[in-house]
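Please read the points below alongside the sequence and the structure.

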Amino acid sequence: MTDLPGIVITGASGRMGQMLINTVMGSDKCKLVGAVERTGHDWVGRDVGEAMGGLANGVIVTDDALDAFSHAQAVIDFTAPAATVAFSTLAAQAHCVHVIGTTGMTDADIAKLSAAAHHCTIVRAGNMSLGVNLLTKLTKMVSEALDADFDIEVVESHHNRKVDAPSGTALMLGEAAAEGRGVKLADVSDSGRDGITGARNRGDIGFSAIRGGDIVGEHDVMFLGDGERIILRHVASDRSLFAKGALKAALWGQTQKPGEYDMMDVLGL
C-alpha cells in the first residue's frame with residue numbers, strides 16, 4: 001500500500017468532493033493522502049471520514065493546500081475557477097499531477113493554467129466520462145460531414161444547483177462541432193436568445209441550457225436540416241462515472257511529461 005500513488009481531493013465537503021473521496025478510498029490502485037477545504041470551513045481539522053458521516057480514515061481535512069500537495073502524486077480538483085487557478089500554481093510547485101474538472105473557466109484562467117503546465121502535468125476536461133468523450137469525437141465527425149445547411153444546437157440539462165451555463169461539457173461539444181467545420185466557436189456561438197432575436201444566422205452553433213431537479217447531466221447535439229434531423233445524445237445517471245474518469249486521469253498522468261492534456265489523451269481517442 002505504501003508505494004501506491006497518493007491522491008489529494010480539493011473541495012472535500014462538496015458533493016463531487018465526497019464522491020471523489022469515496023472513489024479513491026475504494027480503489028486498490030491509489031490511496032487518499034489529503035483532503036482540502038477553504039480556510040474557515042468547519043471540516044478543517046476534522047478526520048474526513050468522520051466529517052462525511054462514516055468511520056475515521058486518518059486523513060485530516062486541511063486548508064494548507066501546498067502542504068497537502070507536497071505529500072501527493074496527484075490532486076483532483078472539481079471546485080471553482082479562482083480556486084483551481086490558485087491550486088494549479090501550488091501543484092506546479094509540488095510537481096504533482098493536477099486533474100481539473102472545474103467548469104466556467106475564462107480565457108484568462110486557462111492562460112494561467114497553461115503557465116503552470118510548464119512545471120506539472122495538467123489534465124483538464126469539461127467532462128471526464130468515456131461516453132461524453134466518444135460523443136465529442138462523433139460530434140466532430142458529423143460536423144465535418146455536414147455543411148452549414150444543417151444548423152447545430154447543443155442542448156444541455158443539469159440540476160438546479162449548477163451555477164454556470166452553458167455547461168463545460170456543452171462548450172466542449174460546441175468546440176468539437178466548430179473544429180469539424182473549420183471555424184472558431186467564439187465567432188459562431190449563439191447562447192443568448194431572448195425576445196425578438198431575428199432569424200438564426202447560417203452557420204451559428206447554438207446553446208440551450210435547462211436547469212432543474214437533480215439531473216446529473218444530459219447533452220444532445222442536434223444537426224437540424226430541412227426534412228431531417230440527426231441527434232447525438234448522452235445521459236449521465238450516476239455522478240460516480242465522473243469520479244472514476246478523474247481517477248483514471250490521475251493515474252494516467254503519473255507517466256506523462258509536464259504539459260496540458262485532456263480526456264481524449266487519457267482514453268487514447
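A crossover is called right-handed if, with the strands pointing away from the viewer, the path from the first strand over the helix to the second runs clockwise; helices (H or I, at least four residues) and strands (E, at least two) are DSSP runs, numbered from the N terminus. In that sense strand 1, helix 1 (residues 15–25) and strand 2 make a right-handed β-α-β unit. The model is predicted, with local features needing pLDDT of at least 70 and side-chain atom pairs counting only at pLDDT 80 or more, while totals for chains, interfaces and linings use all residues. Residues are numbered from 1 along each chain as its sequence is written, and side-chain values use heavy atoms, with hydrogens and water left out.

- An open sheet is formed by 7 strands in the order 3-2-1-4-5-6-12, with parallel pairing, where two strands pair if DSSP finds at least two bridges between them.
- Strand 3 (61–62) and strand 12 (259–261) are at the edges, and each has a single partner strand, so one side of each has no neighbour in the sheet.

- Strand 1 (residues 6–10) has 5 of its 5 residues buried, buried meaning under 20% relative accessible area with a 1.4 Å probe and protein chains only.
- In a regular strand the side chains alternate between the two faces of the sheet.
- Both faces of strand 1 are covered, with Gly6, Val8 and Thr10 buried on one side and Ile7 and Ile9 buried on the other.
- With strand 2 (residues 31–36), strand 1 pairs in the parallel sense over 5 bridges, and Val8 stands opposite Gly34 there.
- With strand 4 (residues 74–77), strand 1 pairs in the parallel sense over 3 bridges; in strand 4, Val75 is the bridge partner of Val8 and Ala74 stands opposite Ile7.

**Helix 4**
- The axes of helix 4 (residues 81–94) and helix 5 (residues 107–116) come within 9 Å and cross at roughly 10 degrees, which means that helix 4 is roughly parallel to helix 5, a term for angles under 35 degrees.
- Their contact (heavy atoms within 4.5 Å) involves Pro81, Thr84, Val85, Ser88, Thr89 and Ala92 of helix 4 together with Asp109, Lys112, Leu113 and Ala116 of helix 5.
- Helix 4 also lies across strand 1, strand 2, strand 4 and strand 5 (97–100), and runs at about 165 degrees to strand 5; axes are lines fitted to C-alpha atoms, for helices over the stretch in contact, and angles run from 0 to 180 degrees between N-to-C directions.

How values were computed. Buried < 20%, exposed > 50% of the residue type's maximum accessible area, 1.4 Å probe, protein only. Parallel < 35°, antiparallel > 145°, perpendicular 65-115°, else oblique.
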